[in-house]
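Please read the following note beside the sequence and the three-dimensional view. It is arranged as numbered points.

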Amino acid sequence: MSQYKKPKNEQEFEANFKQKKPLMNDTEAYYASSKCLFCYDAPCMDACPTGIDIPLFIKQIHTKNTEGAAKTIYDSNWLGNACGTICPTGVLCEGACVYNHQNVLPVEIGRLQNYATKSVIESGKQLYKPGDDNGKKIAVIGAGPAGIACACELRTLGYQVDIFEAKDKPSGLTVYGIAPYKITNEEVLDEVKYLQDQLGYNVKYNSPITSKEQLKKLEDNYDAIFLGVGLGKTAYRNIPGEDKEGVVGAVEFIEELRMKHAETKVGDNVIVLGAGNTAMDAASESARMGAKTVTLAYRGPKERMGAYSFEYDLAVSAGVKSQFNASPKEILGNGKVEGVLFTDENGKEFTIECDMVIKATGQEKQGNLLGMIDSLQLDKNNIIQVNSKTNQTTNPKYFAGGDAINGGAEVVNGAYDGKLAARGIHQYLNQ
Amino acid sequence: MTDISINFAGIKSPNPFWLASAPPTNSGYQIMKAFDAGWGGAVWKTLGMPTINVSSRYGSVNYRNIRMAGFNNIELISDRPLEDNLREIEEVKKYYPNHAVIASLMVDSREEWEAIIKEVQDAGADGIELNFGCPHGMCERGMGSAVGQEPEVLKTIVGWVMDAAKIPVITKLSPNISHITDPGLASVQGGTDAISLINTIKSIVGIDLDTYAPYPVVDGKGTNGGYCGPAVKPIAMHMLKELAQHPEIKSTPISGIGGIETWRDVVEFILLGATSVQVCTAVMHYGFGIVREMEAGLRQFMTDKGYQTIYDFAGKALPNVTEWRHLNLKYDVKAHINKEKCVGCDLCYIACDDGAHQAIKINDNDRNRIPEIIEENCVGCNLCSLVCPVEDCITMVRKDDGSQHVTWDELTLADKIPNTFNDDRAGGKGHFVPTPDDALKAKRKDRSGQNQFDF
Ligand SMILES: Cc1cc2nc3c(=O)[nH]c(=O)nc-3n(C[C@H](O)[C@H](O)[C@H](O)COP(=O)(O)OP(=O)(O)OC[C@H]3O[C@@H](n4cnc5c(N)ncnc54)[C@H](O)[C@@H]3O)c2cc1C
Ligand SMILES: Cc1cc2nc3c(=O)[nH]c(=O)nc-3n(C[C@H](O)[C@H](O)[C@H](O)COP(=O)(O)O)c2cc1C
Ligand code: SF4
Ligand code: SF4
Ligand code: SF4
């Protein structure tokens with residue numbers, strides 16, 4: 001049943017995690033770009049959260065002004081390269097492409113975007129330079145997509161920017177969370193390096209901000225602070241047996257997978273709890289890591305799944321089975337997990353055996369840190385409340401964006417938020 | 001049974017598909033392959049004055065993803081020895097006695113013309129074609145288009161040829177001239193048996209943006225080439241029509257050339273009066289095999305329409321190609337959008353608003369972005385129906401009842417034409433036109449090129 005053999009080395013890992021949207025070659029880009037109609041007030045643009053001028057950059061690719069195309073993309077979205085391959089384009093730009101209405105395959109906007117940006121990243125061509133120093137300093141907490149986008153935009157406006165990042169790599173979940181068949185670590189890090197080389201913001205790695213004192217210091221030393229902290233660890237769900245050996249959080253599992261590749265330990269029989277996009281990813285990834293059986297177990301019926309249907313289809317195509325209307329009651333096993341006890345919609349109990357459980361039951365919010373900031377208004381789910389025109393929080397010195405304000409969306413939303421917040425900061429400091 | 005064979009000014013051919021004098025007819029090898037593939041005739045690559053060719057000879061115009069929408073060359077006439085060509089003509093005729101082999105010729109003096117005509121006749125050619133068209137290189141030596149552009153000289157040379165030739169003579173014309181009927185008439189007056197057209201059009205297909213030299217680049221320099229391929233077909237068809245309608249030329253058989261690639265092109269040329277067609281670029285692009293599609297399509301068309309021979313419909317479009325002044329000014333069409341098919345690209349909207357008559361509106365609240373025709377403003381120009389990317393989505397629908405018919409000619413005779421600058425009888429009077437400052441008042445809807453933030 002399992003289509004994938006356990007990868008024993010990097011080569012086998014790469015084969016199992018083949019890129020879903022590989023880089024286009026010049027000929028592909030030529031033909032793909034020729035297809036765009038240059039629609040008036042193009043609906044694809046409208047569907048892009050960062051509003052990239054899609055018909056323009058595609059026409060630029062076609063006329064072999066690839067550098068101009070990359071500039072068009074980066075002008076709207078600082079993570080244009082990553083977004084080209086990891087955005088759920090089928091529900092965003094490509095989903096809105098007019099061709100869909102006549103059942104013609106849409107223009108491959110994402111891959112064209114990736115093609116243009118990759119070419120400037122590889123050439124190292126400088127498209128931007130920092131603005132003239134305006135003497136002001138901004139602190140950014142978190143080097144995820146939102147934080148990096150904010151830092152880049154602030155640099156073009158002439159601010160000094162210091163990013164404080166808890167981990168030892170930039171990019172947040174783009175490098176720690178997104179499925180390896182969507183993007184490689186190298187590709188993510190190359191783009192961030194390309195941006196940092198041009199714009200020169202500082203990043204302090206291994207520097208989590210965790211105390212009131214640290215925050216106080218930032219407030220004293222910086223003119224404004226951007227919160228791009230994303231979400232936290234996998235939430236604890238209070239299922240009896242959650243602490244057994246072999247029970248892991250999805251975010252933690254994926255992070256290990258992204259860092260250790262073939263050396264990541266995966267059970268033979270895996271149960272994934274949850275039905276969001278993260279659950280789909282974790283299930284697909286377990287299957288690709290050679291698990292013999294992977295079962296997605298979800299409390300509700302199929303129709304209520306939170307995941308995009310294309311993500312579910314992808315998991316199914318990797319050999320993942322699903323069990324709907326299955327509420328986990330207890331994780332069974334003697335120290336080590338041996339199975340999960342479920343009840344169905346009629347309350348009837350049943351057990352599925354396994355040697356690994358991945359909980360994809362949502363991420364914790366960054367309540368602890370956020371609670372330390374004066375007059376910062378959060379909603380009941382600990383999501384930061386902001387002014388949607390400026391991304392300013394209720395504490396005027398703080399701005400925020402990304403998963404921390406939307407509760408968990410896409411990289412492209414973080415990219416937009418970071419840029420918007422930078423503009424908001426600029427406006428706030430120049431009133 | 002449909003019979004697609006032709007007798008073109010005495011040259012017999014199993015079908016009207018001929019290879020034009022060009023690289024595909026360089027050698028007996030190629031021509032035999034072509035006949036085997038289904039071509040009915042071939043005009044041998046022009047024989048005549050000795051030449052030397054450059055390397056880097058062709059350039060092209062690619063449009064969107066279409067390669068060679070237009071094609072140009074700076075190649076001269078055959079650079080192979082005449083005796084080789086003659087021997088191969090003889091051999092081809094031996095294998096293919098019923099196919100048409102026509103020798104294209106270009107020389108200078110009367111003696112040279114007489115000598116080379118005798119040689120190709122002796123080799124067994126079915127006819128001769130006079131190359132008065134080549135617009136590069138040869139014309140600098142006083143031949144090719146240099147002759148095609150001087151009707152008097154052309155007439156004289158055709159006269160020499162007619163005195164010497166015992167086989168049918170086709171005069172091939174250059175389009176690099178204001179009135180194609182001038183050389184057309186001169187060739188008829190010189191006594192030609194038939195005409196073929198067009199040869200290539202003087203052109204520059206592009207400039208290399210690093211070396212600033214025109215394509216094809218020869219060691220940093222270039223020269224004008226001869227343009228051909230799909231892009232020149234409309235020009236060729238117009239010239240064909242000019243000759244086919246001319247009272248003193250129309251009885252002369254015409255072989256149509258210029259951008260022919262498919263059966264549709266073939267039928268169009270025949271409808272405009274051609275009774276043989278010649279092809280070069282399409283074969284250089286796809287090989288001899290494209291004749292399969294031409295022949296199948298031509299036969300299908302003839303069966304569908306009930307024609308037995310191509311002479312049954314040759315020239316059938318000519319009566320409908322008239323002068324502007326004879327067109328019915330009361331005919332009235334308006335654009336109609338099929339909302340079921342529309343994909344909401346809004347290209348028709350912007351084409352009409354920026355490039356035509358502001359007769360299409362879009363409704364900001366319609367999530368499907370389906371535009372609407374403002375019939376009062378629509379002048380029936382067709383533009384929207386031409387830009388629409390969806391098959392049969394915008395159609396032009398006739399609105400007048402057909403009872404009225406008036407032409408500019410009739411108005412002129414009745415002394416009713418507008419004749420002052422602000423005449424009320426002019427067409428544009430009363431048409432809706434927004435005032436200039438509406439352009440500034442209208443909220444710019446297209447966000448392209450705008451900053452995503454207001455601040
Ligand atoms: C499993 C999974 C799959 C996903 N797949 C996709 C996908 O295919 N496509 C897509 O577009 N999106 C995907 N996403 C969502 C996407 O990764 C996030 O929306 C995006 O990364 C959010 O960016 P961010 O900057 O807000 O937060 P994050 O990416 O979470 O970055 C936050 C950064 O802040 C740091 N940080 C946190 N707290 C502190 C602190 N106190 N001090 C210092 N630093 C701190 C973190 O270490 C991290 O680097 C996925 C998410 C998950 C979990
Ligand atoms: C519908 C239409 C109407 C035109 N009317 C005029 C005209 O009134 N006067 C003029 O000098 N050229 C006129 N032109 C020619 C254009 O100015 C231009 O020379 C020609 O279209 C070639 O340019 P293009 O093919 O790059 O568009 C017209 C062209 C079109 C398509
Ligand atoms: S909707 Fe499709 S065709 Fe239209 S501009 Fe966008 S990508 Fe091009
Ligand atoms: S036919 Fe011409 S005037 Fe009428 S709607 Fe179409 S583009 Fe506009
Ligand atoms: S051009 Fe055709 S498809 Fe596009 S909006 Fe107009 S009618 Fe619809």
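Predicted model: local features only at pLDDT ≥ 70, side-chain atom pairs only at ≥ 80, totals over all residues.

1. Residues are numbered from 1 along each chain as its sequence is written, and chains are lettered from A and ligands numbered from 1 in the order in which they are written.

2. In chain A, the domain assignment (bounds taken from an automatic or database assignment) gives domain 1 as 23-123, domain 2 as 137-232 + 364-429, and domain 3 as 247-359. The C-alpha centres of domain 2 and domain 3 of chain A are 31 Å apart.

3. Six residues of domain 2 of chain A are in contact with eight residues of domain 3 of chain A, contact being counted when C-beta atoms, placed from the backbone, lie within 7 Å. On the domain 2 side, four of these residues are nonpolar, two are polar and none is charged; Cys counts as nonpolar and Gly as polar in this scheme.

4. Between the chains, 20 residues from chain B and 22 residues from chain A take part in the contact. The chain B side comprises nine nonpolar, five polar and six charged residues.

5. Around ligand 4 there are 14 residues (C-beta atom, placed from the backbone, within 6 Å), of which B:Cys352, B:Cys378, B:Cys381, B:Leu383 and B:Cys384 come nearest. This shell has eleven nonpolar, three polar and no charged residues.

6. Ligand 5 also has 14 residues around it, with B:Cys342, B:Cys345, B:Leu347, B:Cys348 and B:Cys388 coming nearest. Its shell has twelve nonpolar residues, one polar and one charged.

Technical notes:
Contact = placed C-beta atoms within 7 Å.
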